[in-house]
Amino acid sequence: MDFSDPITAAFIGASATVLTALVQLRYSWRRELKDRERGQPITKKTRRGPVIAVFVLMIAAAAGGFFFSQYVISLRDEDRVTLRAELQTQLSEISASAARLEEARLNEREEVEAGALRAEAARRGEEGVAASAVVGPCKPEGGAAPGSKPPCSEQNAVRVAVCARVPASATVKEVLLYTRFEESPQSWADSRVQAGQDAGQAKFVEKLFERPDGDVVKQVCQGFINWSSEKARLARILVRYSL
């Protein structure tokens with residue numbers, strides 16, 4: 001075990017003092033015994049020797065006590081440092097566990113939200129995305145007899161593209177077509193037509209087409225023509241798709 005320099009010095013000093021005092025006591029006792037064997041009187045100086053040795057032992061004991069107290073303090077400091085390190089390690093583990101739990105919670109939340117978005121997108125695809133446009137009456141070219149409206153034909157009909165926006169990854173399942181006069185009370189369910197079907201001087205072209213509209217959306221379009229010179233028409237499409 002490593003000790004600080006003051007504790008090491010105190011230990012060395014106390015050990016040397018105790019050893020010196022013991023040697024001096026032994027020397028004094030042997031000398032006193034020899035003097036008694038010879039019958040010589042014991043002088044004050046001779047008697048003072050053990051007293052000095054005992055005093056030295058007391059000093060050594062005090063130094064040893066100080067060393068022991070410093071040793072105990074050092075042990076407590078080491079225990080405190082060890083406890084602090086253990087607490088720091090536990091706090092680090094708790095923080096790491098909390099971070100992992102938070103990350104797992106966020107990932108779970110993202111998965112739930114992504115699943116909800118996918119379900120919503122699938123539901124919208126099944127229900128279909130609608131788009132509509134108002135197509136005005138045809139304005140024929142050329143003159144006409146006074147008091148009459150010149151006829152229109154498919155060649156000079158008003159042409160528009162009715163487009164619905166769907167996800168770029170969508171696969172079109174079907175496109176339902178509807179048309180009616182602008183102010184007609186007829187329901188959309190009763191206004192359904194097929195591509196290429198003449199709906200009364202108006203019809204949808206037979207072929208639909210797609211075109212990009214950004215990175216995540218595309219447009220599904222169906223052409224519509226109106227060659228009626230009297231009334232405007234509403235053209236509506238409903239695009240059903242899957243992802």
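Predicted model: local features only at pLDDT ≥ 70, side-chain atom pairs only at ≥ 80, totals over all residues.
**Entry 1: K218**

I looked up K218 and found it buried, at 12% relative accessible area (buried means under 20%, exposed over 50%, partly exposed in between, with a 1.4 Å probe and protein chains only). Residues are numbered from 1 along each chain as its sequence is written, and side-chain values use heavy atoms, with hydrogens and water left out.

I placed K218 in strand β6 (strands are DSSP runs of E with at least two residues, helices are H or I runs of at least four, and both are numbered from the N terminus). Which side chain makes a polar contact with the side chain of K218? I found E210, at 3.2 Å (a polar contact is a pair of N or O atoms within 3.5 Å; within protein, one must be able to donate a hydrogen and the other to accept it, and residues adjacent in sequence count only if both atoms are side-chain atoms). Leaving aside residues up to four places away in sequence, K218 also touches others, including V166, P167 and D213 (contact means heavy atoms within 4.5 Å).

**Entry 2: the disulfides**

How many disulfides does the structure hold? I noted two (each a pair of cysteine sulfur atoms within 2.5 Å).

C163 and C221 form one, with sulfur atoms 2.0 Å apart. The pair links distant parts of the chain, C163 in strand β2 and C221 in strand β6 (residues 217-226), 58 residues apart. With 115 degrees about the S-S bond, this link is right-handed. C221 is buried, at 1% relative accessible area.

C138 is joined to C152, S to S 2.4 Å. Both cysteines sit in the loop between β1 (129-135) and β2 (158-167), 14 residues apart. I found C138 and C152 both buried.

**Entry 3: the cores**

I then turned to the largest nonpolar core, which has 18 residues (such a core is a set of buried Ala, Val, Leu, Ile, Met, Phe, Trp, Tyr and Cys residues joined through side-chain atoms within 4.5 Å). V166, F204, I237 and V239 have the most contacts inside it. Among the strands that each supply at least two residues are β1, β2 and β3 (171-181). β7 gives the most, with four residues.

F204 touches, among others, L177, V193, F224 and I237, not counting residues up to four places away in sequence. A second, separate core of five residues includes C138, C152, A157 and I225.
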